[in-house]
Amino acid sequence: MTHQDITINFSLIPGEPGDPLERFNFWDAPSTVQWFQDRGYTLYQREPYEVYNEVSLATFPSKPPEEGSSAEYPYAHYDLDSENPLRTNEYRGKVVFAQDSLNRHVAIKVVRANTEELAILHFLKQQDLDTMRNNCIIPILDILPIEGFSFVVMPRWGPAVEFPWPETLREVLTIMLSSLKGLKFLHEHNITHRDVNEGNFLVNHFGDDCCVFDNKLRIDLRSRDRLCYAIFDFDHAIKLPSGVDRTKYRLPYHRSWGTINVIGDTAQGEYDFNPFVFDVGALGVHLSFSYQYLTPRVPMFAPFFDRLTTRNLAFRFTASEALSFFEDMVSQLSEAELDEFIERRDFSTPQDDYNRWAHVAPEFAQSLLYLGPHCYCSVELIGAVILYLGFDVFYLDYSFSFIVCYRIQSPGITVNFSLIPGEPGDPLERFNFWDAPSTVQWFRDRGYTLYQREPYEVYNEVSLATFPSNPPEEGSSAEYPYAHYDLDSENPLRTNEYRGKVVFAQDSLNRHVAIKVVRANTEELAILHFLKQQDLDTMRNNCIIPILDILPIEGFSFVVMPRWGTVVQFPWPKTLREVLTIMLSLIKGLKFLHGHNITHRDLTEGNFLVNHFGDDCWVFDNKLRIDLRSRDRLCYAIFDFDHAIKLPSGVDRTKYRLPYHRSWGTINVIGDTAQGEYDFNPFVFDVGALGVHLSFSYQYLTPRVPMFAPFLDRLTTRNLAFRFTASEALSFCEDIVSQLSEAELDDAIERRNFSIPPDNYNRWAHVTPEFAHKWAHYREPPIPWTTLLLRRVCRTYWGCHTVPWIRRFLSRLFFFLYRLLPHSGGLKLKNP
């Protein structure tokens, strides 16, 4: 029997440690153990631990083997020579160990869906085992997806690859060669690892994790050249698209901070860095730290390590150059030199402080140009100044003999324009903010290059139009969440944003994004944070624009979304299938929001997007969008949560009310408060607003789809107790689609050439009498004259407030009288 899917109930946010205890409880839960058992994996068992009620880090195989095993790649050698054989210790709770159906030992890591890491692991899984073995990368055996996450299965290999310490130079060089091969393979596939350190290398032998430092089997296997080494752990890794030149790729300086920062490429205040160059330097630091003490035996280590870690980044080896140099170096050593016994390292001098050249002959030093420059006082002084000034940014220009330092502006920015809900503000102030060099620089520091504003010389006005700063040379197909785009106009990719609340940009991979400024501590920002926590599949399936990033500053946040296109209905759909796809998408989006107690409150045509853009001024006859729509390649999404409200999970949305005046303004497209109602339910209001939009656009198709008559009537009915919920609307619409034949769906439709308000259009005039009789209970009656009168009064200056208060007074009066019941002794109050 296969059990139901499991749910990750702990935090797994990049850069945050999370709670290991929560994770251990998840892995140890019977439902988790059973889920993996159903899929052929028996999880290790946690060691009992009775001290202070704490949880042990140690786990052991559930089916302990009776004897050790030799490796058959990709699986590892293991031995039982300890009091606690095959014990593991994993303190972060992101990885668990298991045995497969053949009792082979594996490691299973939980990875968030739609991440760079998971994409890289999928790529590695596609490679054959020989490729992985020859290029020293841990192979991926299986990937088990669940909602929002995947479990990635790898063979269990051992940590602390250098221990027990190598006994010959050959053994050292094998370890070094393996790490260089692995890095070269990754870089050739445009993958930067970004966390190359001793803890992220594995060896194909394990035993008791706490007793590897003098393991006799590993010593024997190493002496017989039976060990393999591999790079693993892609938490921080990035894979560039195949067309991107990795030599020109840059990340902002702060992306080098943290435990990954083992090389000083940004220690002097450099503005950005190349992570591929950074990888080589990080590997150089690790190899220098471990093996530079062997330079007296291998003089070529001096130039090799210097070129791996040089501060002159233009001269640092690439991974490919490092491997080639290293292989040449090994080829010059004799068999006797390779097999000579070496002493164990008994000191650990940082590579910057260790003079490798002190151990080589003067003639050797003179014959090579690889000697790295001394770390001049000016560099150290700059580092101290940077720390003192709180990480202000410097730009440094290096050569072998001098450093030039230019002070540039601190990266902080301040929103200096008005952003008050319900007030239009001054767009010119906002344009000036976005166009300011300090703003442009601030976003560039964070990996976003803002679009440039179009020059505009008419009456000294400012243009609304902006264009990409790095214009592409050809159009692009979409890779969700990013959009298709084309260059088929005189002004390709032009945007027009007239309110100044949104700016457009390109990220570090030149993908197009939209950035919106949002006030801190608002309902809107809370909703956007909630949406950012959802995985991309959830956003795609539920037709909500995904949130890529949120950049906070004092009092505000910049919310990053993919740039998608507007006016989703144009060019006008050519078949009924295309119309129904749009309708279903919008209803799905509303159902998702309401399902999470979010009311949008502004469902108008302007707040829907499609994953195609070009020139914003020339989308009404765009040929690419026509083609994409015909091939069902377009996605639609709801966005813009200016007016939205998210209720706490315990609040019943069916009983939630807002005062009548909260329905006024451009959001008021449905007449729920037009008769002087004192309050309203915004979730019901949302459905009516979407119904108005769909009716206005597609009610003319009722002769082709008679079911549009009851469907659109129930979306917009004035009898609010009978109006569809979003969930009911989606179910009804899906039933409509299921009843249509393929021929009907693909039949060409005419373009809408009239726009009659839904209240004035008789949808039932186009159906048969039998159909009208069958669905009569869905039919909306004509508006009574009393309702029309009330609407007319409520449109006056005095009536808009007076009528709601009169209605409220009468409602309370009737409620009070209703609670009084006649009795023989007269009227008395009924107990509530």
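A salt bridge is a side-chain nitrogen of Lys or Arg within 4 Å of a carboxyl oxygen of Asp or Glu. Lys and Arg count as positive and Asp and Glu as negative, with His and the chain ends not counted. The model is predicted: local features need pLDDT of at least 70, side-chain atom pairs need pLDDT 80 or more, and totals for chains, interfaces and linings use all residues. Residues are numbered from 1 along each chain as its sequence is written, and side-chain values use heavy atoms, without hydrogens or water.

Glu578 is found in helix H17, residues 576-595. Helices (H or I, at least four residues) and strands (E, at least two) are DSSP runs, numbered from the N terminus. Glu578 is buried but has no salt bridge. Buried means under 20% relative accessible area, exposed over 50%, and partly exposed in between (1.4 Å probe, protein chains only). Contact means heavy atoms within 4.5 Å. Apart from neighbours within four places in sequence, Glu578 is in contact with Pro573, Arg629 and Ser630.

Ile413 lies in the loop between strand E18 (403-407) and helix H13 (427-435). Its relative accessibility is 11%, so Ile413 counts as buried. Ile413 and Ile553 are 140 residues apart in sequence. In space, their C-alpha atoms are 7.7 Å apart. With residues up to four places away in sequence not counted, Ile413 touches Phe433, Ser438, Thr439, Trp442, Ile553 and Phe558.
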